[in-house]
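I opened this entry to go through the metal sites one at a time. The notes follow the order in which I looked things up.

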Amino acid sequence: MLHIGCHLSISKGFMHIAKEAASIGADTFQFFTRNPQGGRAKDIDEADVKKFNVFAKENSFAKIIAHAPYTLNICSDNPQTQEFAEMVFADDLHRMEFVPHNYYNFHPGSHVGQGADKAIAMIIDLLNKLLTEEQTTTVLLETMSGKGSEVGRSFEELAAIIDGVKLKQKIGICLDTCHIFAAGYDIVNNLDGVFAEFEKIIGFPYLKAIHLNDSLMPYASNKDRHAKIGEGAIGQFALERFVRHQAVKDLPMILETPNDLAGYAAEIKMMRIASDK
Ligand code: FE
Ligand code: FE
Ligand code: ZN
């Protein structure tokens, strides 16, 4: 069975978001660990978290994904931004242990001037500093569209980060269909080729989750604009074929399409039907 959900607001707690997810046919979801612009996270409500852990098990939820704030930029050349990134990352990892054995996804970051190699070294350093043997969370690097000086625009850059991380069992990749298409991976005309390249450069064992989005912007545009399924340059047919592919069909998939709840429910249903074909 396809594991699919969407990005939802956690502002009313884990039980609320889990019931909302279940109500639209989802068996996973994604949420921001705090305001996407950064700032303080809400205190963990232990009773709520306990109930959620039971609910998720009883309802056979797949792993859920916490998304780091967009402002988290580990490889910034600004020491204050760097310090903020480390503080948020450490705090989020600590909080994730209240919902153990799930995923923490982050954007590798943008280097402003110092070059990709330096940026990759900074990301590796922080991961080696913060990841622990004891943590149950797997940290996911998101594939990026390559706008500006974004790191993670190619499988090679992501592989270079993984290569430097000591605790490799604590790290993985979240593949965003909109982002890789915009970055120049042709999942419309050459899906098998893209997956073969992923396997060769990074390796399937590292592929842990999917962001399932259509792309408003054309192939290889290096622009990051999500579209509803079927309303972008990737298209419904290619995304339906994508979710059925052997390489990804068992992974949790998160819609980050511009939708309300009813819209998400419809896309989840569409993708579940497609996965059964
Ligand atoms: Fe993201
Ligand atoms: Fe994404
Ligand atoms: Zn995006």
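I started with aspartate 176, which counts as buried because its relative accessibility is 0%, under the 20% cut-off. The model is a predicted one.

Next I looked up glutamate 256, which is also buried, at a relative accessible area of 13%.

Which residues coordinate the iron ion (ligand 2)? I found Glu142 (OE), Asp176 (OD), His211 (ND1) and Glu256 (OE), at 2.1 to 2.3 Å.

I then checked the geometry of this site. The angles subtended by the four donor atoms around the iron ion (ligand 2) run from 86 to 173°, so the arrangement is irregular. For reference, ideal angles for four tetrahedral donors are 109.5 degrees.

I noted the sequence spacing of the donor residues of the iron ion (ligand 2) as E-x33-D-x34-H-x44-E. Distant parts of the chain are linked here: aspartate 176 sits in strand 6 (residues 171-176), and glutamate 256 lies 80 residues apart from it, in the loop between strand 10 (252-255) and helix 9 (261-276).

I moved to the iron ion (ligand 1). Its donors are His67 (NE2), His107 (NE2) and Glu142 (OE), at 2.1 to 2.2 Å. I wrote their spacing down as H-x39-H-x34-E. Histidine 67 in strand 3 (residues 65-67) and glutamate 142 in strand 5 (residues 138-142) are 75 residues apart, so I logged this pair too as linking distant parts of the chain.

Are histidine 67 and glutamate 142 buried or exposed? I found both buried.

Last, I looked up what connects the two sites. Glutamate 142 bridges the iron ion (ligand 1) and the iron ion (ligand 2), and these ions lie 3.3 Å apart.

How values were computed:
Residues numbered from 1 in each chain as written. Chains lettered and ligands numbered in written order. Predicted model: local features only at pLDDT ≥ 70, side-chain atom pairs only at ≥ 80, totals over all residues. Heavy atoms only, no water. Donors = N, O, S within 2.8 Å, 3.2 Å for Na, K, Ca; no water. Helix = DSSP H or I, 4+ residues; strand = E, 2+ residues; numbered from the N terminus. Buried < 20%, exposed > 50% of the residue type's maximum accessible area, 1.4 Å probe, protein only. Tetrahedral: all angles 85-135°; square planar, octahedral: opposite > 155°, others 65-115°.
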